[in-house]
Amino acid sequence: MKCENIYRFIQNIFRQALSPPFEWREILKQCYAVGNRSFFLVSFTAFLAGVVFTRQSRPSLSSFGAESWLPSLVSQAVIRSLGPLITGLICAGKLGSNIGAELASMKVTEQIDAMEVSGTRPFSYLVVSRVVATTLMMPILVVFADIVALLGSYLTVHSINNTGFELYFNDVSANITYLDIFSSIIKATFFGFAVGLISCYVGYNSQDGTTGVGKAANTAVVISMSFIFIIDLLSLQFTNLFR
Amino acid sequence: MSNATSNIDNSHDRTDIESTEIVAHVVNLKKSFGDIQVLKGISLTLHKGENLAILGRSGSGKSVTIKCMVGLMSADEGEIEVLGYNIRSLSSEKLNELRQQVGFSFQSSALYDSMTVQENLEFPLKRNLKLFDKKKLNYLVKTALQDVGLDGAATKKPAELSGGMKKRIGIARTLILKPKIMLYDEPTAGLDPITSAEINELILNVRKKYNTSSIIITHDISCARQTADKVIALIDGHSKVEATFDELKITKDPELAPFFKY
């Protein structure tokens with residue numbers, strides 16, 4: 001991967017995303033595909049994460065007599081880090097491999113060349129629509145994952161202490177700031193952009209025939225996941241400036 | 001040679017093309033991949049209504065030549081003029097404008113495998129002509145499919161088609177934009193002699209019905225014989241000779257003669 005090529009790729013995405021003709025139909029189609037593909041897995045893992053995190057944190061807090069802080073601890077952990085991270089990693093795996101392999105196989109079977117040669121602007125159709133879709137859908141999936149994870153946490157607490165729904169979520173909302181929510185959504189947007197960009201880049205520039213398809217899917221997942229952690233760290237540093 | 005192959009008489013289709021109007025002109029085209037220079041100076045001229053075959057061994061740069069002609073690959077040196085556009089100095093908008101007038105039939109057919117045949121054919125219409133009227137789309141798709149003899153294949157996915165059918169659909173997808181020039185990359189590669197003959201016949205019919213000029217990349221002697229008015233032999237990165245098939249057939253040139261032995 002050459003930095004210069006990636007820079008040109010990003011430049012092309014912005015240029016074509018911001019200038020007509022816009023790919024509304026394809027963007028909507030891709031948004032649906034992204035949401036539909038990841039919805040169940042994100043819900044399932046977020047729910048389990050909420051349950052597991054609550055069950056693991058409870059004994060430690062109990063030993064300090066601070067069990068009542070559980071909703072506060074869980075909500076901050078879920079919204080600031082756990083929710084975006086889980087969603088980002090799930091999407092990096094699921095969407096990264098999917099987009100990377102799909103575009104790479106189109107490349108090696110000359111389908112992208114066929115679009116190019118008929119003047120149908122494949123970059124805009126294939127790349128811009130996917131990057132925009134992942135960028136738009138990731139924050140929505142993160143918000144959804146946060147809610148499901150908190151629900152999982154509540155059900156766990158309720159099953160142990162018979163805590164009421166209202167009491168639990170009052171405690172949650174009292175300990176969550178707008179900065180937490182805002183930074184989580186911004187972070188998720190960057191996650192989405194990174195996953196879309198990396199997957200499209202490696203798929204669209206795939207080489208080496210069929211071997212290249214597997215390589216593209218693998219590279220898309222590995223690099224996307226690495227970038228999720230890098231962005232998470234940078235976002236933490238940046239958000240801390242405002243706390 | 002099969003009966004089907006030998007039965008095709010295209011002499012009446014070779015309409016003594018003496019058109020002076022040049023639709024594509026390539027001069028001294030050079031292209032290297034790393035240290036390997038594939039094209040060392042290709043020159044060719046395509047006249048209106050003409051079928052020009054480029055004959056050469058595998059890896060001789062035949063496909064590279066036509067890919068340079070539509071800007072899919074960039075040439076290192078030389079001049080390429082297609083339909084009055086100088087390819088090497090075109091903006092991406094102008095290149096797209098030109099590409100809509102040039103049909104490119106890929107060796108692998110390059111059908112969009114996530115789409116049905118109908119959607120494959122609708123794709124360039126929707127993208128280039130912004131045509132979304134279902135009735136009109138259906139009519140154009142049906143006509144294009146009829147022209148390639150596959151009017152019942154609209155609902156099929158590319159994976160359900162045979163090699164010959166894929167080639168035909170690939171050709172139909174390019175024809176739907178009514179191109180002025182057709183570029184066929186190995187149209188008969190991997191096909192049995194009977195299907196090859198059918199594709200050759202289709203190439204001739206396309207010229208007749210759509211009034212196209214064509215470049216046919218091939219290493220298949222019978223394809224060149226049946227479809228071409230003029231043949232260019234590509235030897236060692238150079239366009240060696242330009243002649244009719246019959247003239248080439250009796251050549252004593254040691255580099256060309258082996259093509260006609262097999």
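**Figure 1. Chain A as a whole.** From the N terminus on, the elements of chain A run α-α-α-α-α-α-α-α. The model is predicted. The secondary structure of chain A amounts to eight helices and zero strands. Taken along the principal axes, the C-alpha atoms of chain A fill a box of roughly 70 × 35 × 30 Å. Of the 243 residues in chain A, 46% are buried. Among contacts in chain A with a separation of 6 or more, 87% are between residues 24 or more positions apart.

Figure 2. The C-alpha atom of A:Cys3 is separated by 39 Å from that of A:Gly50, and the two residues are 47 residues apart along the chain.

**Figure 3. Helix 1 against helix 5 in chain A.** On the side of helix 1 of chain A, the contact is made by A:Asn12, A:Ile13, A:Gln16 and A:Ala17. Helix 5 of chain A contributes A:Phe123, A:Ser124, A:Val127, A:Val128, A:Val131 and A:Val132. The residues of this contact divide into seven nonpolar, three polar and no charged.

Figure 4. The peptide bond from A:Pro20 to A:Pro21 is cis, and its omega is near 0 degrees. A:Pro21 lies in the loop that runs between helix 1 and helix 2 (24-63) of chain A.

**Figure 5. A:Tyr204 in helix 7 of chain A.** A:Tyr204 lies in helix 7 of chain A, which covers 178-204. A:Tyr204 is buried because 21 other C-beta atoms are within 10 Å, and the cut-off for a buried residue is 20 or more. Apart from its neighbours within four places in sequence, A:Tyr204 is in contact with A:Leu103, A:Lys107 and A:Val127. One of these residues, A:Val127, also belongs to the contact of helix 5 of chain A with helix 1 of chain A. Between A:Tyr204 and A:Ser235, 31 residues apart along the chain, the C-alpha atoms are separated by 28 Å.

**Figure 6. Helix 8 of chain A and its cover.** Helix 8 (residues 209-240) of chain A has 32 residues. From its first C-alpha to its last, helix 8 of chain A reaches 46 Å, close to the 46 Å expected at 1.5 Å a residue. The buried residues in helix 8 of chain A include A:Val213, A:Ala216, A:Ala217, A:Thr219 and A:Ala220. Also buried in helix 8 of chain A are A:Val221, A:Ile223, A:Ser224, A:Ile228 and A:Ser235. Helix 3 (70-108) and helix 7 (178-204) of chain A are among what covers these buried residues.

**Figure 7. The contact between chains A and B.** Eleven residues of chain A are in contact with 16 residues of chain B. On the side of chain A that touches chain B, the residues divide into two nonpolar, five polar and four charged.

**Figure 8. The largest nonpolar core.** The largest nonpolar core has 127 residues, and those that touch the most other members are B:Leu55, B:Met69, B:Ala144, B:Ala172 and B:Leu183. Helix 5 of chain A provides the largest share of this core, 16 residues. Not counting residues up to four places away in sequence, B:Ala172 touches B:Leu121, B:Ala144, B:Leu145, B:Asp147 and B:Val148.

**Figure 9. Two loop residues of chain B with positive phi.** B:Leu83 is not a glycine, yet has a positive phi of about 50 degrees. The loop that holds B:Leu83 runs between strand 4 (77-82) and strand 5 (85-86) of chain B. B:Leu83 counts as partly exposed because it has 16 C-beta neighbours inside 10 Å. B:Lys130, also a residue other than glycine, has a positive phi near 55 degrees. B:Lys130 lies in the loop between helix 4 (117-129) and helix 5 (134-147) of chain B. With 8 C-beta neighbours inside 10 Å, B:Lys130 counts as exposed.

Note on methods. Residues numbered from 1 in each chain as written. Chains lettered and ligands numbered in written order. Predicted model: local features only at pLDDT ≥ 70, side-chain atom pairs only at ≥ 80, totals over all residues. Contact = placed C-beta atoms within 7 Å. Helix = DSSP H or I, 4+ residues; strand = E, 2+ residues; numbered from the N terminus. Nonpolar A, V, L, I, M, F, W, Y, C, P; charged D, E, K, R; others polar. Buried ≥ 20, exposed ≤ 12 C-beta atoms within 10 Å, placed from the backbone. Core = buried A, V, L, I, M, F, W, Y, C linked by C-beta atoms within 7 Å. Expected span 1.5 Å × (residues − 1).
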